[in-house]
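Please read it with the structure open alongside.

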Amino acid sequence: MKILTFSGATPAEALKKAQLEVGEEAMLIETREVQKKSLGKSALYEIVVGVEENSIPAPKAKPKAEETFMKQRPLAQKSSDVLYNISEAAKQISKIAEVTEEERPSRQAPVRESEDLKRIKEEIEKLGDKVKLIQNMFWSEKSPKTTAAIPPEFAEIYRLAQQSGMDQDHLDEIMHLTLEHMPSKMRESSETVKRYFQVLMRKMIPVRMETPPKPGSKKVIMLVGPTGVGKTTSIAKLAARFSYLLEKKYKVGLVVLDTYRIGAVEQLMQYARMMKLGIETVVDPPEFSSALNALRYSDYILIDTMGSSPYDKGKIEKIYECLRDNNTDYSVDVVLVMPSSIKYDDLKATYENFAPLGIDTMMFTKLDETRGFGNIFSLVYETKVPISYFSVGQEVPEDLVAATSDFLVDCLMNGFSRGESA
């Protein structure tokens, strides 16, 4: 076998040179970065391939005009050809795996044969990982360029994180931290790289753990946020959770500030009747303290507020007046409720407009209506405000999850699964 080396500004460029020179039968042995990208210098990658000497194609004659035209195909068509070759390689891997399983003797094999079988399986795993790297090389060639060079082994997690809606600056910063602190031995496989990346992100997500009220005290929770994000339904879920689902059954009272929408008041009153909960309505800010005092027997007091556009300063000011005029001894925990299905810039604008209320935690709804969760990660990473709950559907009270960093990172990297929220 003849060993050849090809170089290029990206791994994909070096791979193309190898394919043009030695054809599709070459075996990819190694990919390495020989020169980092810096000011005035482009990055340089090398790939090492092995090819049987008798399979090296003969030098080609000068191409005709029509052949030259064919070589100038669009990148998408070239990528399709290469991905087809990758698929063929994947099929060969599957065939090898099937053969090794079929040829395994029913009786106990000698130790030497078991070791050979183990070695073959290890080679298959390595080859499969190389196929994955090649696939991600072609994605990264067409993707927006980051400020730092991304090694091939990191291409998969970079693609997943970017497609999730994560802010580009945040992604580049996390990548930098990963490359700086990750042990070199863990970089040998894209799977170990992905696991390390997930652990790093978990440590960056602030979460407010659910704790019960202290004896003799109560918790007052106010949900604020835009219209239509599911505040009223979330209030009902929390009420059912505290009243019936926890190990201890707590007394819960409800306060309604959303008198602008008659439907919302009627909906919450219906929930209150079903769960036999006390409920008070507030029309003007001075009535707020009276409503809290009327529910002083409760362990939890849950407050539903009027929904408003993040840019409707009037309604947000009225909520602020209720908090300002609160002359009780009860501290109000303000939870900003936002849908997970909007882009990061809109989440950030919503947070900034409701921030004067003193946001203590955030709740994200409609996780079952989106496929990207990087926007949530970027917001909590930017604001450092913890998450308290996730709403994962419309069912009351089932579709409510106490927030954990594990749950969010798993959604970000693998997508939302209702089984994971159970």
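Threonine 233 has its place in helix H8, which spans residues 231–245, in a model that is predicted. With a relative accessible area of 14%, threonine 233 is buried, since the cut-off for that label is under 20%. Not counting residues up to four places away in sequence, threonine 233 touches Gln267, Gln394 and Val396.

**Overall make-up**

- The chain that holds these residues has 15 helices and 11 strands, and 44% of its 422 residues count as buried.
- Among the contacts in the chain between residues at least 6 apart in sequence, 70% join residues that are at least 24 apart.

**The open sheet of E1, E3 and E2**

- Three strands form an open sheet in the order E1-E3-E2, and the pairing in this sheet is antiparallel.
- Strand E1 (2–8) and strand E2 (27–35) stand at the edges with a single partner strand each, so that one side of each is left without a neighbour in the sheet.
- Neighbouring strands of this sheet are turned against each other by 20 degrees on average, with direction ignored.
- E1 pairs with strand E3 (residues 44–51) in the antiparallel sense over seven bridges, and valine 51 in E3 is the bridge partner of lysine 2.
- Helix H1 (residues 11–22) packs on the sheet and touches E1, E2 and E3, while its direction makes about 135 degrees with that of E1.

**Strand E8 and its parallel partners**

- Strand E8 (residues 332–339) has seven of its eight residues buried, so it is largely enclosed by the rest of the structure.
- One of the strands that pair with E8 is strand E4 (residues 219–224), in the parallel sense and over five bridges; in this pairing, methionine 222 stands opposite valine 334 of E8.
- E8 also pairs with strand E9 (residues 361–365), again in the parallel sense and over five bridges, and here valine 335 stands opposite threonine 361 of E9.

**Helix H12 and its packing on H13**

- The buried residues in H12 are Tyr344, Leu347, Ala349, Thr350, Tyr351, Asn353 and Phe354, and they pack against helix H6 (168–181), E4, helix H11 (313–324), E8, E9 and H13.
- Helix H12 (residues 344–354) and helix H13 (residues 374–383) pack at an angle of about 40 degrees, and their axes are 9 Å apart; that angle makes H12 oblique to H13.
- The crossing of H12 and H13 is right-handed.
- On the H12 side, Tyr344, Leu347, Lys348 and Tyr351 take part in the contact, and they meet Asn375, Ile376, Ser378, Leu379, Glu382 and Thr383 in H13.
- Sorted by class, the contact of H12 with H13 has five nonpolar, three polar and two charged residues.

**Helix H6 and its packing on H13**

- The axes of H6 and H13 come within 10 Å of each other and cross at roughly 75 degrees, and the two helices are therefore roughly perpendicular to each other.
- His170, Glu173 and Ile174 in H6 meet Phe377, Ser378, Tyr381 and Glu382 in H13, and by class this contact of H6 with H13 has three nonpolar, two polar and two charged residues.

- Although proline 386 and isoleucine 205 are 181 residues apart in sequence, they are 7.4 Å apart in space, C-alpha to C-alpha.
- Leaving aside its neighbours within four places in sequence, proline 386 is in contact with Pro206, Val207, Arg208, Asp360, Thr361 and Met362.
- Thr361, one of these contacts of proline 386, is the residue of E9 that stands opposite valine 335.

Definitions and conventions:
Residues numbered from 1 in each chain as written. Predicted model: local features only at pLDDT ≥ 70, side-chain atom pairs only at ≥ 80, totals over all residues. Heavy atoms only, no water. Axes fitted to C-alpha atoms, helices over the stretch in contact; angles between N-to-C directions. Helix = DSSP H or I, 4+ residues; strand = E, 2+ residues; numbered from the N terminus. Parallel < 35°, antiparallel > 145°, perpendicular 65-115°, else oblique. Left-handed = near helix turned anticlockwise from the far one by under 90°. Contact = heavy atoms within 4.5 Å. Nonpolar A, V, L, I, M, F, W, Y, C, P; charged D, E, K, R; others polar. Buried < 20%, exposed > 50% of the residue type's maximum accessible area, 1.4 Å probe, protein only. Pairing = 2+ DSSP bridges.
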